[in-house]
Amino acid sequence: MLDRIGCGYLVLNRERKVVEWNAAAQTTLERQGEVADTASGLSVALRRLIANVPAHFLPGSLSWVVIRSNGDRPVILNENGFIAADGTSIVALLDRENRSGPNPQTLQKMFGLTSAETHLALRLAQGDAPLEIARSWRLSRTTIRSQLASLFAKTETKRQAELVALLGRISVLP
């Protein structure tokens, strides 16, 4: 599920070497321009990512690394309440630029959406505005509004923000 929402994790041993990871962590570090296809590559990539951040991963802790954008330094948050007896640490990577969205087939099955409604829902979930979508698809605003109204009815939502929030929650489903 963490991979579906774009949340990566790295498990570090006492020596701060990566011993376990998920695909989202690998993708996130590679998006930062690193070669991260082995445990040692991931360890190096993590050290480079956090090199200029005045925070440390405490033994037995849970730490969150929030990556703001390519040019900005990441933010690291430590959770001291989580203690692992063997001294391993878990580092969760949250890439704010990740645009994972709901599975189109899941949307169609859950709500009985047409292909056009599904594509519209996916674009809205990515943060695109209806007028933007109409222009890029060379459709009238009326057509997009009609599809949007149908989306609201089928998903039992009333506003675009409510629909986007629902789509965000559904994005964790296979």
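Predicted model: local features only at pLDDT ≥ 70, side-chain atom pairs only at ≥ 80, totals over all residues.
**Entry 1: helix α7**

I began with helix α7, residues 160-170, and looked up which of its residues are buried, finding Leu163, Leu166, Leu167 and Ile170. I then checked how these four are placed around the axis: they cover an arc of only 100°, which puts them on the same side of α7. An α-helix has 3.6 residues a turn, so residues three or four places apart point the same way. Next I asked what covers the buried residues of α7, and noted that the cover includes α3 (104-111), α4 (115-125) and α6 (141-155).

**Entry 2: leucine 163**

From helix α7 I picked out leucine 163, which counts as buried because its relative accessibility is 0%, where the cut-off for buried is under 20%. Setting aside residues up to four places away in sequence, I found that leucine 163 touches Leu124, Leu148, Leu151, Phe152, Thr155 and Thr157. For leucine 151 I also noted the separation from leucine 163, which is 12 residues in sequence and 8.2 Å in space, C-alpha to C-alpha.

**Entry 3: threonine 106**

In helix α3 I looked at threonine 106, which counts as buried because its relative accessibility is 14%. With neighbours within four places in sequence left aside, threonine 106 is in contact with Ile170, Leu173 and Pro174; of these, Ile170 is among the buried residues of α7 that I listed above.

**Entry 4: the cores**

I turned to the largest nonpolar core, which has 17 residues, and looked up which members touch the most others: Leu107, Phe111, Leu120, Leu124, Leu148, Leu151 and Leu163. The elements giving two or more residues to this core are α3, α4, α5 (130-137), α6 and α7.

**Entry 5: the largest pocket**

Last, I looked up the largest pocket, which holds about 170 Å³ of space. I counted 11 lining residues, and those nearest the centre of the pocket are Arg16, Leu46, Arg47, Ile50 and Phe57. Helix α2, residues 39-49, gives the most to the lining, with 3 residues. Sorted by class, the lining consists of 6 nonpolar, 2 polar and 3 charged residues.

Terms used: Residues numbered from 1 in each chain as written. Heavy atoms only, no water. Buried < 20%, exposed > 50% of the residue type's maximum accessible area, 1.4 Å probe, protein only. Arc of directions from axis to C-beta. Contact = heavy atoms within 4.5 Å. Core = buried A, V, L, I, M, F, W, Y, C linked by side-chain atoms within 4.5 Å. 1 Å grid on protein atoms, 1.4 Å probe; cavity = no way out; pocket = protein on both sides within 12 Å on 5 of 7 lines; lining within 4 Å. Points joined across faces, edges and corners; volume = space filled by probe spheres on them. Nonpolar A, V, L, I, M, F, W, Y, C, P; charged D, E, K, R; others polar.
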